[in-house]
Amino acid sequence: MSNQKKRNFQIEAFKHRVVVDPKYAEKTWSVLEHAIHEIYNHNASGLSFEELYRNAYNMVLHKFGEKLYSGLVTTMTAHLKEISKSIEAAQGGLFLEELNRKWNDHNKALQMIRDILMYMDRTYIPNAHKTPVHELGLNLWRDNVIHSSKIQSRLLSMLLELVHKERTGEVIDRGLMRNIIKMLMDLGSSVYQEDFEKPFLEVSAEFYMGESQKFIECCDCGDYLKKAEIRLNEEIERVTHYLDVKSEVKITNVVEKEMIASHMMRLVHMENSGLVNMLLDDKYEDLGRMYNLFRRVPNGLPTIRDVMTSHLREIGKQLVTDAEKLKDPVEFVQRLLDEKDKYDNIISQAFCNDKTFQNALNSSFEYFINLNNRSPEFISLFVDDKLRKGLKGVSEEEVEIILDKVMMLFRYLQEKDVFEKYYKQHLAKRLLSGKTVSDDAERSLIVKLKTECGYQFTSKLEGMFTDMKTSQDTMQGFYASHLELTDGPTLVVQVLTTGSWPTQPSITCNLPAEMSALCEKFRSYYLGTHTGRRLSWQTNMGTADIKATFGKGQKHELNVSTYQMCVLMLFNNADRLSYKEIEQATGIPASDLKRCLQSMACVKGKNVLRKEPMSKDIGEEDALLVNDKFTSKFYKVKIGTVVAQKETEPEKLETRQRVEEDRKPQIEAAIVRIMKSRRVLDHNNIIAEVTKQLQSRFLANPTEIKKRIESLIERDFLERDNNDRKLYRYLA
């Protein structure tokens, strides 16, 4: 084996020429052409697709691809012209059915032809840059059938007529419509758009323009919006059933423009049924529908928002400036809260909690609450009413809800320091009279105020609670060191730190001898245990429980103010006293004395005294006697003092002056802080910065800021620039 020679093999080219029959191409094409005719005539079952494929393959292989391609175009075109004629001949409603049937036939035929000519599709067509067989078939259908002069306009008018019929309530063959529209889409997006979509949108615009005009004349706003919503949903549904999904945006834009955008202002301001009426009547469903429809068009939501804001400001302005509604502060604040609740509900239920609407609501409330400079006082009175009696039997959760609502109104106030002034006064009265419903509720509100405005705002309020606790301990110490006092009158003293509590004019009155001696003992005890302190009695803020026996031996325990106690004790030594005698004996200021006597002599059921002559007011010539006929079904009788719930004009002016005085150091402190960090600043920027820094407490008056700047210049904190008088420098 190893000795044998190795041989090299070589394969040589075929020596004989292959001669192709000159009529090969014609013969082969005629076979293929016949097959195409048979396919279009539904006689494809007798054809050998394998043989036909081989023939087409050989034609391409032998460079007869061009003949095959052009023959295909000619044959298909001839068949499609015949098909076109049969479609044209179809009458009435059969036209679309015939078109749909022939389209399906053409698609089946095209599939078979493409299978036969697959080799040409893969090799010849890409190299010769020709249109592929399937696409060619669609283009020829488009040019010879759809764009046929007798079919194109007829097809469009029938499609639009069917849409119109459906819009007017008739039932149409949606399946047929879907097939025809699908055909247009298969022929290319430009065919669908040019041959159907554009005319469809134009006709739709005309239809909805006319319909909206008809509806707006005969419907109220709510009904019109329902109809618009129905139409919009119908068009969206129409797209899902038989139109191109991309048409949805276009057709909904048409409906929105014609039915909503064109009539927006008229709908909103429609008499007796527009937006304002919907707001007044809490029509959540209609408002929600308006919101959802208007949000679809440009400037839709701003239109609703602007009308709501102007309406809200108008009713708010009426609310805070109506003298009749200002008579009862508690009712006034309750109305504000009710109004806020109403619009909060509308925004959450109808306007999808839209933040822009919430902001508009807040700015409206801030606008009209501050139109009335008594709003801070009234809100504090509302809190006072709730914490005295309004929250009895109310759960903790409900208390929190009420306090949160109060805090919401508080945030709208520009003069928060005025509220603080009144709140401090009212809190003091509640604590000293022991009339607060819940210490937890009181502390909860202070925590909320602290969170909102900082420690400085509430430090004095917290100091008041501390004093109340300290006073209890002091009284225990006092009685522990004076055991001999257990039999006589009992004294309870609240020792208040001057800085923490509202400043009260120190009015002294002549206490009964037994009480006066007790007070002196307490003074000695307190000053003995605390060095460097002074005590001044605030008799106008105290209360007393006294036992009284009336004409028929009836005994009662009377809960009265210190002033009332001083008056009643005088009647232990006299049966009848004139107003002048009482005034001289007690030393109580005239205005307080009149209120005190009025509450004991002129209030039915509390009239432990009687006066001569009988009248509702106390006069300086009146005489007072013990009312022997006084009866009450209760053993304990509480005799309140007739008080003006709101401040009188002089009191109001005095409070306002105190607030203005308190603001001066705060403005000066802000100016110094700003100038210390900026060193040099012009007048307008100082005003802007100070206003911004202080806005959490009050809205600083530019005139007052200017005065404070002048004061600081006089005290050498600042100086004016020598060249520019509006420029200030900080002097370290």
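The model is predicted, so local features need pLDDT of at least 70 and side-chain atom pairs count only at pLDDT 80 or more, while totals for chains, interfaces and linings use all residues. Residues are numbered from 1 along each chain as its sequence is written, and side-chain values use heavy atoms, with hydrogens and water left out.

A nonpolar core is a set of buried Ala, Val, Leu, Ile, Met, Phe, Trp, Tyr and Cys residues joined through side-chain atoms within 4.5 Å; buried means under 20% relative accessible area, exposed over 50%, and partly exposed in between (1.4 Å probe, protein chains only). The largest such core has 82 residues, and those with the most contacts inside it are Met-290, Phe-294, Phe-351, Leu-409, Tyr-423 and Leu-449. Leaving aside residues up to four places away in sequence, Phe-351 touches Leu-287, Tyr-291, Ile-304, Met-308, Ile-346 and Phe-357 (contact means heavy atoms within 4.5 Å). Another core, of 65 residues, lies apart from it and includes Ala-35, Ala-109, Val-133 and Leu-138.

Helix pairs come next. Helices (H or I, at least four residues) are DSSP runs, numbered from the N terminus. Axes are lines fitted to C-alpha atoms, for helices over the stretch in contact, and angles run from 0 to 180 degrees between N-to-C directions. The axes of α1 (residues 24–40) and α4 (residues 94–116) come within 9 Å and cross at roughly 155 degrees. The two helices are therefore roughly antiparallel to each other, a label for angles over 145 degrees. Their contact is made by Leu-32, Ile-36, Ile-39 and Tyr-40 of α1 with His-106, Ala-109, Met-112, Ile-113 and Ile-116 of α4.

The axes of α25 (residues 579–586) and α26 (residues 590–601) come within 11 Å and cross at roughly 120 degrees.

Finally, one residue deserves a look of its own. Glu-420 sits in helix α20 (residues 416–433) and is buried, with a relative accessible area of 12%. Not counting residues up to four places away in sequence, Glu-420 touches Phe-457 and Arg-697.

Conventions. Parallel < 35°, antiparallel > 145°, perpendicular 65-115°, else oblique.
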